[in-house]
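Open the model in a viewer and keep the sequence panel beside it. The stops below say what to select and what is there.

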Amino acid sequence: TDTTTIPHGWVNAITEDSQNNLWIGTNQKTIGYLKSDGSWTRVKLKGMEDWDRDGRAWWWGFISDIKPYEDKVIVSSNGNGLFILSNNYERHYTSEQKEINIITEIFVANKRIFVATGKGLYEFDLKKEEFVKTKISSPVFGFANGNNPDQFYVSTNDKVFSYDYQKNSMV
């Protein structure tokens, strides 16, 4: 119930948003941000309340990544999809395919949102509010910027790809 202290648990994700707030997400499904005046604001995700995928609440749902996105932040969880947050705003997006909701990392390229899942690389289409499969179907573990603005690196369980997101192809 305390909304003024740093979230508890191991810090899994940290980022700074467009308003210079430092966001922190933990393995205890807690998230909050440090304002420029030094005060903490704890965010209680409605989509996490009483959520438990299969009786292992200690494992599912931890905050896996946070990325700035325009005037908001995108938050991913292990098993409970994506959240898009800003002041007094929360949207929660999940897929009917449970494996897609296990998101380990987020990558934003030219206002397009990509997520790393055990089912491969997916793009999240904000207009359609759905996860769209890409050509990479191996489990994805991480991303890095590429040299070309239309490409980024994607690591899978056995390869690293240069992915052209404009053409949905590996280079």
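Begin with the largest nonpolar core of this predicted model. It has 13 residues, and those that touch the most other members are Ile74, Leu82, Ile106, Ile113, Val115, Phe124 and Phe131.

Next, select Phe131 and display what surrounds it. Which residues is Phe131 in contact with, leaving aside neighbours within four places in sequence? The list includes Leu82, Val115 and Phe124, and also Tyr93, Thr94, Ser95, Ile100, Asn101, Ile103, Tyr122 and Glu123.

Now switch to a cartoon view and select β5 to β8. These four strands form an open sheet in the order β5-β6-β7-β8, paired in the antiparallel sense. At the edges are β5 (63–69) and β8 (89–93), each pairing on one side only. From one strand to the next the twist averages 20°.

Zoom in on Tyr69, and opposite it in β6 stands Lys72.

Finally, select the whole protein chain. Its secondary structure consists of 16 strands and zero helices. Of its 171 residues, 45% are buried. Among contacts with a separation of 6 or more, 37% link residues 24 or more positions apart.

Definitions and conventions. Residues are numbered from 1 along each chain as its sequence is written. This is a predicted model: local features need pLDDT of at least 70, side-chain atom pairs count only at pLDDT 80 or more; totals for chains, interfaces and linings use all residues. Side-chain values use heavy atoms; hydrogens and water are left out. Two strands pair if DSSP finds at least two bridges between them. Helices (H or I, at least four residues) and strands (E, at least two) are DSSP runs, numbered from the N terminus. Axes are lines fitted to C-alpha atoms, for helices over the stretch in contact, and angles run from 0 to 180 degrees between N-to-C directions. A nonpolar core is a set of buried Ala, Val, Leu, Ile, Met, Phe, Trp, Tyr and Cys residues joined through side-chain atoms within 4.5 Å. Buried means under 20% relative accessible area, exposed over 50%, partly exposed in between (1.4 Å probe, protein chains only). Contact means heavy atoms within 4.5 Å.
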